[in-house]
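Here are my notes for your review. Please read them with the model open.

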Amino acid sequence: MIEIEHLSKFFDETCVVDDVSMTIPDGALAVIVGTSGSGKTTLLRMINRLVEPSSGRILIDGKDISAIPPHELRRQIGYAIQSHGLFPHRTVGQNIATVPHLLHWEATKVNARVDELLDLFQLDPAEFRDRYPSQLSGGQQQRVGVARALAAAPKLLLMDEPFGALDPIIRARAQEDLRQIQRRLGTTIVLVTHDMNEAIHLGDRIAVMDRAKLLQYDTPQEIVTRPATDFVGELLGSGERPFRLLSLQPLRPFIEQGEATGTAVSVDASLRDALEEALWSGRAAVPVRDGAGKTLGRVTLATAIRQAARPQ
Ligand SMILES: Nc1ncnc2c1ncn2[C@@H]1O[C@H](COP(=O)(O)OP(=O)(O)OP(=O)(O)O)[C@@H](O)[C@H]1O
């Protein structure tokens, strides 16, 4: 668990993080979202002591991190940034092995870990292990950057706009990878983004920042349905709110029996996906199928419309 208590940071006279308190439970994915210059990166970098707070404190598993030497702290905490920060003269394998080497892991264990991570990120180890970063696409470099951050299986991973440079298709895949990895390994993740869609899609909790202050820290559901200030509402985009609400609702509870033909949606999709499919094809209901292709029933446009309304 990470406990951030009354944390502030001044650069000269300017306060860039102002009295922020928040708790991130173990295994949660907390997203810090907000406008440019609101203090998101500074807040994140105080968690691994790349920036020292002016006041307040951070506890990780009950321990005040100001008592842990920074280099020791950083070996326990994964860190992935937008410009991936790979070492250009080291191979992909050597890059991923950085922290395991610092921790003096045995060579066989390191090699096995490198291959395991490459597999996880769908990069064939035989093909990619010995390449240099310049021989990879931007998306592959970013995946290697995240793999490197995960190499020593840190309990905590800090990510600063990790998917910022990716095109929308690869970005969606990288987001999906991250959620699966997080579920599998139980990693606690703090991720900075300025993209509200990404925040709602990924976050168990969302921290909304504006001008150094934490305006709201809550579940995506609460942020969408009960924004704490007008600014949070604006950041969500008022016209987008019904769709954001639908994207948070899995289809399964809304499946009913009845007639529906045409292209089906997956049972793993959200109500928003079903709404889009229904609207785009001009149908009042769409069939729902499971992974094996079996039709489970249908979801109607009327249900989606009902569920898009602001809860009372
Ligand atoms: N080392 C520094 N010295 C002085 N000012 C700094 C320093 N680092 C950041 N700042 C200032 O602190 C403020 C917050 O910066 P920060 O990078 O935390 O914001 P951010 O919300 O992550 O922004 P962005 O989304 O644009 O990356 C900005 O006004 C920035 O100019």
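This is a predicted model: local features need pLDDT of at least 70, side-chain atom pairs count only at pLDDT 80 or more; totals for chains, interfaces and linings use all residues.

1. A definition to start. A salt bridge here is a side-chain nitrogen of Lys or Arg within 4 Å of a carboxyl oxygen of Asp or Glu. Arg 57 and Glu 5 form such a bridge, with their closest N and O atoms 2.8 Å apart. The pair links distant parts of the chain. Arg 57 sits in strand β4 (residues 55-60), Glu 5 in strand β1 (residues 2-11), and 52 residues separate them. Arg 57 is partly exposed, at 38% relative accessible area. Glu 5 is also partly exposed, at 26%.

2. Overall form. The protein has 14 helices and 13 strands. Its radius of gyration is 21 Å. A compact globule of 312 residues would have a value near 20 Å, so the two agree. Along the principal axes, the C-alpha atoms fill a box of roughly 65 × 50 × 30 Å.

3. Packing and surface. Buried residues account for 47% of the 312 residues. Take the contacts between residues at least 6 apart in sequence: 62% of them join residues at least 24 apart. The accessible surface comes to about 15,300 Å². Carbon and sulfur atoms contribute 51% of that surface.

4. Charge. The protein carries 35 positive and 39 negative charges.

5. Other salt bridges. Side chains of opposite charge can pair when their charged atoms come close. The structure holds 13 salt bridges. One of them joins Glu 176 to Arg 179, with the closest N and O atoms 4.0 Å apart. Both residues lie in helix α8 (residues 168-185). They are 3 residues apart there, which means a separation of about one helical turn. Glu 176 is partly exposed, with a relative accessible area of 32%.

6. Arg 283 pairs with Glu 277, and their closest N and O atoms are 2.9 Å apart. Are these residues buried or partly exposed? The cut-off for buried is under 20% relative accessible area. Arg 283 has 15% relative accessibility, so Arg 283 counts as buried. Glu 277 has 22% and therefore counts as partly exposed.

7. Helix α1. Why is helix α1 (residues 40-47) described as largely enclosed by the rest of the structure? Because 6 of its 8 residues are buried. The buried residues are Lys 40, Thr 42, Leu 43, Leu 44, Met 46 and Ile 47. Lys 40 deserves a look in the viewer, as a Lys listed among the buried residues of α1. Arg 49 follows α1 and has a positive phi, near 60 degrees. Please check the backbone at Arg 49 by eye.

8. Leu 123. This residue lies in the loop between α5 (107-120) and α6 (125-128). Is Leu 123 buried or exposed? At 2% relative accessibility, Leu 123 counts as buried. Setting aside neighbours within four places in sequence, Leu 123 is in contact with Leu 118, Phe 128, Gln 140, Arg 143 and Val 144. Val 144 is 21 residues from Leu 123 in sequence. The C-alpha atoms of Leu 123 and Val 144 are 8.9 Å apart in space.

Notes. Residues are numbered from 1 along each chain as its sequence is written. Side-chain values use heavy atoms; hydrogens and water are left out. Helices (H or I, at least four residues) and strands (E, at least two) are DSSP runs, numbered from the N terminus. The radius of gyration is taken over C-alpha atoms; the globule rule is 2.2 Å times the number of residues to the power 0.38. Buried means under 20% relative accessible area, exposed over 50%, partly exposed in between (1.4 Å probe, protein chains only). Contact means heavy atoms within 4.5 Å. Accessible areas come from the Shrake-Rupley method with a 1.4 Å probe; for residues, only the protein chains shown count as cover. Lys and Arg count as positive and Asp and Glu as negative; His and the chain ends are not counted. The place of a charge is taken as NZ of Lys, CZ of Arg, CG of Asp or CD of Glu.
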